[in-house]
Amino acid sequence: MSIPLIDLAKLTHESDSVRLPEVKALDTACREIGFFYLTNTGVPASLLKALMREAKHFFNQPQEVKNAIDIKNSPNHRGYGNIGEEQLDEVTHADWKETFDMALDFPADHPLVAKYPTMYGPNQNPSDPATLEVLQEYYVETFQVAQKLLTAMAQALSLQDDFFTRCFTDHVTVMRMIHYPPRPEAAHDNGAGAHTDYGCVTLLLQDQTGGLQVKNRQGEWVDATPIENALVVNIGDLMQHWTNDEYVSTAHRVRASLPDVHRYSFPFFVEPDYETEVSCVPSCQSDAKPAKYDKVLAGDWIQSRFDATYAYREDKH
Ligand SMILES: O=C(O)CCC(=O)C(=O)O
Ligand SMILES: [Fe+2]
């Protein structure tokens, strides 16, 4: 099974005859493979180029500059993660990649920071203001894409339009930059080990290198070949819970770059307010198919997944 294309301009079109078939196609993609390309996102191509440029600039800096904002020093998981820090596949190797994470910036005296200090708090920003500006702009633009997409998903699931978007007031959506450096010839080739994502949906921008693979229902690894200016979207575990396994959170992985290739990618992990109560939506349960999962707080769920993949967080709380 290949990865379908979904057009955001059609998903948000005012004419039913254009919008409804696309919402149906979105629904099918979420059920059958849990992955699709999103085209016509409205994010300016110039911003995507600027982001790529700033990522190269950021990761190219001397190690001590990056270490100054080491994620290990952030109780709430923001900043720079060195190679080997994250291991997505719990049974094989640490990932061959370096990362930078940012999210909404909550001042240290905000009540949510006191309540959930491992999820809310300040960012650790790159020192170059030009980089920060581009990252913030991309965060704002991509969050708008996420809101449109979540609205279309609510429609696909016969829910009120704002069923999902109303859970995004103090949300913990994370924007990440990843650099997969060339790996030494003899090293293992886990760029990112096989895993599912934790949140609602992930919107991924990738460069033209390739390497991302998706496991289809037949258990085969399918290449998510880059399409210029399109985002690769996948369903996360929280959305799978929310929909009683109707929408599938699908395993994916990244093969590490060849010895002389650098790859850059930008996942945007769309995650709702910590205190969002996630229990099966009405349209996904029936007498024949009762809710499979207990109600869970979105933040508790995401937290437990973080702790499993980042060694340093295990003794944090
Ligand atoms: O780099 C990629 O293409 C995918 C990364 C990914 O799956 C993740 O960070 O969750
Ligand atoms: Fe992922």
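The questions and answers below concern a predicted model of one chain.

Me: How many helices and strands does the chain have?
Reply: The model is a predicted one. Of the 317 residues of the chain, 42% count as buried. The secondary structure comes to 8 helices and 14 strands.

Me: Is Phe-36 buried or exposed?
Reply: Phe-36 belongs to strand E2, residues 35-39. A residue needs 20 or more other C-beta atoms within 10 Å to count as buried. Phe-36 has 23 such neighbours, so Phe-36 is buried.

Me: Which residues does Phe-36 touch, not counting those up to four places away in sequence?
Reply: Phe-36 lies in strand E2. Tyr-247 is 211 residues from Phe-36 along the chain, and their C-alpha atoms are separated by 12 Å. The residues that Phe-36 touches are Ile-3, Pro-4, Leu-5, Ile-6, Ala-29 and Val-233.

Me: Is His-252 buried or exposed?
Reply: His-252 is in strand E11, which covers residues 252-255. The cut-off for a buried residue is 20 or more other C-beta atoms within 10 Å. Because His-252 has 24 of them, His-252 is buried.

Me: How far apart are the end C-alpha atoms of helix H6?
Reply: Helix H6 runs over residues 129-156 and has 28 residues. At 1.5 Å a residue, H6 should span 40 Å. The model agrees, since the end C-alpha atoms of H6 are separated by 40 Å.

Me: Are H3 and H6 roughly parallel or oblique to each other?
Reply: Helix H3, residues 45-59, packs against H6 with the axes 9 Å apart and an angle of about 135 degrees. Angles over 145 degrees count as roughly antiparallel and 65 to 115 as roughly perpendicular, with the range between those two falling under oblique. The pair H3 and H6 is therefore oblique.

Me: Is the crossing of H3 and H6 left-handed or right-handed?
Reply: The axes of H3 and H6 are 9 Å apart at an angle of about 135 degrees. The crossing of H3 and H6 is left-handed.

Me: How many nonpolar, polar and charged residues are in the contact of H3 with H6?
Reply: From H3, the contact includes Leu-47, Ala-50 and Glu-54. From H6, it includes Val-134, Leu-135 and Tyr-138. By class, the contact of H3 with H6 has 8 nonpolar, 2 polar and 3 charged residues.

Me: Is H2 roughly parallel or roughly perpendicular to H6?
Reply: Helix H2 covers residues 16-32, and its axis comes within 9 Å of that of H6. The two axes cross at roughly 85 degrees. Because angles of 65 to 115 degrees count as perpendicular in this sense, H2 is to H6 roughly perpendicular.

Me: Which residues in H6 do Val-23, Leu-26 and Asp-27 in H2 meet?
Reply: By class, the contact of H2 with H6 has 5 nonpolar, 1 polar and 1 charged residues. The residues in H6 are Ala-152, Met-153, Gln-155 and Ala-156.

Me: What is the phi of Ser-158?
Reply: Most residues other than glycine have a negative phi. Ser-158 lies in the loop between H6 and strand E5 and, with 12 C-beta neighbours inside 10 Å, counts as exposed. Although Ser-158 is not a glycine, its phi is positive, at about 55 degrees.

Me: Where is Asn-40?
Reply: Asn-40 has a positive phi, near 50 degrees. Asn-40 is partly exposed, with 15 other C-beta atoms within 10 Å. Its place is the loop between E2 and H3.

Me: With which residues is Asp-170 in contact, leaving aside its neighbours within four places in sequence?
Reply: Asp-170 lies in the loop between H6 and E5. With 19 C-beta neighbours inside 10 Å, Asp-170 counts as partly exposed. Its contacts are Leu-112 and Asp-273.

Conventions:
Residues numbered from 1 in each chain as written. Chains lettered and ligands numbered in written order. Predicted model: local features only at pLDDT ≥ 70, side-chain atom pairs only at ≥ 80, totals over all residues. Helix = DSSP H or I, 4+ residues; strand = E, 2+ residues; numbered from the N terminus. Contact = placed C-beta atoms within 7 Å. Expected span 1.5 Å × (residues − 1). Axes fitted to C-alpha atoms, helices over the stretch in contact; angles between N-to-C directions. Parallel < 35°, antiparallel > 145°, perpendicular 65-115°, else oblique. Left-handed = near helix turned anticlockwise from the far one by under 90°. Nonpolar A, V, L, I, M, F, W, Y, C, P; charged D, E, K, R; others polar.
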